[in-house]
Amino acid sequence: MNRQIFNWLTRLSDPRGLNANGGHCAPFPSAGEPSLSALLEAALRHNVRPAVTGNLTALLQTDPVALLAGEARWVEETAKRRLAEVKQLRQIDVGRAMLLAHCAREILAKTQAAGLPVVLVKGADFAENAYGGLAARTFSDVDLLVRPDAEPALAAILSGYGYQMAQPSGRHIERPERQWTRPDAFGGITVVDVHTDMVHAPDLRSVQTLTYDLYAGHENGGVTPAARLILAGLHGATSHLFGRLQYVVDGMMIARTGVDPVELRQRTGRTGALLPVATMLRLASELYECADCRDLLSRLGPVPWSRLERNLITPSMVLSAKDNLRFRFRPQRHLYRRLMQINMK
């Protein structure tokens, strides 16, 4: 991915509007128009396409010359064609989100009626409670966090709705996650991931953990913005090593909803999430100049290994995570994973 696409991706991926911290964003000339398609592909790979297409729509409608450089008629015709393409992509993303949200609601209606300790996480929950609606965040499945003793009852509900559990193999047997699938009405597959701990890797769960009780239990404060921020940090770090821009944007959008810094510090201590949350907040501060993230980071208190951490997980590494040069950052990712294993011991 070239620097121009990096800059435009950063400029356009804030769901609240254009990011002034996106660097110099030169318009795409007629000969370079394929780069605009590459930008949309990058947005898809980084799971930030709703924000990018939303901001592209506004630019194409109000200021197309900021995006396209060329003869006036070419700019006008290209803007019109691209606008239709972008609107179609937005409809695809919204339609998929609505389908998955409907599946989540029908399952949760049953679990709530049965009084089961089950809660919706990530996906539709982040979209509706941090992003402002299903149109603003893309997701590909339904994620449920369940207390282990309720997993058999949840399995019965999923079976009743036609889902079948995929049998895990290899190292996945040890993971506290099971995948359920069923065909949807449009020729695709609906996936429901059932978790008993949001930290999947066995080598990390001795340090970080996020179970139903820690996330949603009343004795630990229930589901609050602080709980969602910890979930976003742990998911981005332990499952993906911040390999998509979406994990940074999740943290930023949750921080903007208002997070109690005292509660956040307490709950990072219980879950071992201090380093992952600090990394996520720092990245959002650097990529988007998010004042809420910067303030929360300053109020987290001392973060062990912070000087090393900031040199391992960099904005360039996050942006490069989906291009063909991503392997050059593998040593940094390996060291960061080791850092997570020792950070809270």
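**Exercise 1. Find how many residues of H1 are buried, and what covers them.**

Helix H1 is mostly covered, with 8 of its 10 residues buried. Here buried means under 20% relative accessible area, with exposed over 50% and partly exposed in between (1.4 Å probe, protein chains only). Helices are DSSP runs of H or I with at least four residues, strands are E runs of at least two, and both are numbered from the N terminus.

Before going on, some housekeeping: this is a predicted model, where local features need pLDDT of at least 70, side-chain atom pairs count only at pLDDT 80 or more, and totals for chains, interfaces and linings use all residues. Residues are numbered from 1 along each chain as its sequence is written, and side-chain values use heavy atoms, leaving out hydrogens and water.

- Step 1: list the buried residues, namely Ile5, Phe6, Asn7, Trp8, Leu9, Thr10, Arg11 and Leu12.
- Step 2: look at the cover, which includes S1, H2 (34-45), H3 (49-62), H9, H11 (274-288) and H14 (315-319). Contact means heavy atoms within 4.5 Å.

**Exercise 2. Track down the aromatic pairs and classify each one.**

- Step 1: search the whole structure, and 2 aromatic pairs turn up. Rings of Phe, Tyr and Trp (its six-membered ring) pair if their centres lie within 6.5 Å; planes under 30 degrees apart count as stacked, over 60 as edge-to-face and the rest as tilted.
- Step 2: take Trp8 and Phe28, whose ring centres are 6.1 Å apart with planes at 25°, so this pair is stacked.
- Step 3: check burial. Trp8 has 2% relative accessibility and counts as buried; Phe28, at 0%, counts as buried too.
- Step 4: turn to Phe242 and Tyr336, with centres 6.5 Å apart and planes at 65°, so they are edge-to-face.

**Exercise 3. Describe how H8 packs on H10.**

- Step 1: the axes of H8 (residues 225-239) and H10 (residues 261-271) come within 9 Å and cross at roughly 45°. Axes are lines fitted to C-alpha atoms, for helices over the stretch in contact, and angles run from 0 to 180 degrees between N-to-C directions.
- Step 2: that makes H8 oblique to H10.  Angles under 35 degrees are roughly parallel, over 145 roughly antiparallel, 65 to 115 roughly perpendicular and the rest oblique.
- Step 3: the contact uses Ala226, Ala227, Leu229, Ile230 and Leu234 of H8 with Glu263, Leu264, Arg267, Thr268 and Thr271 of H10.
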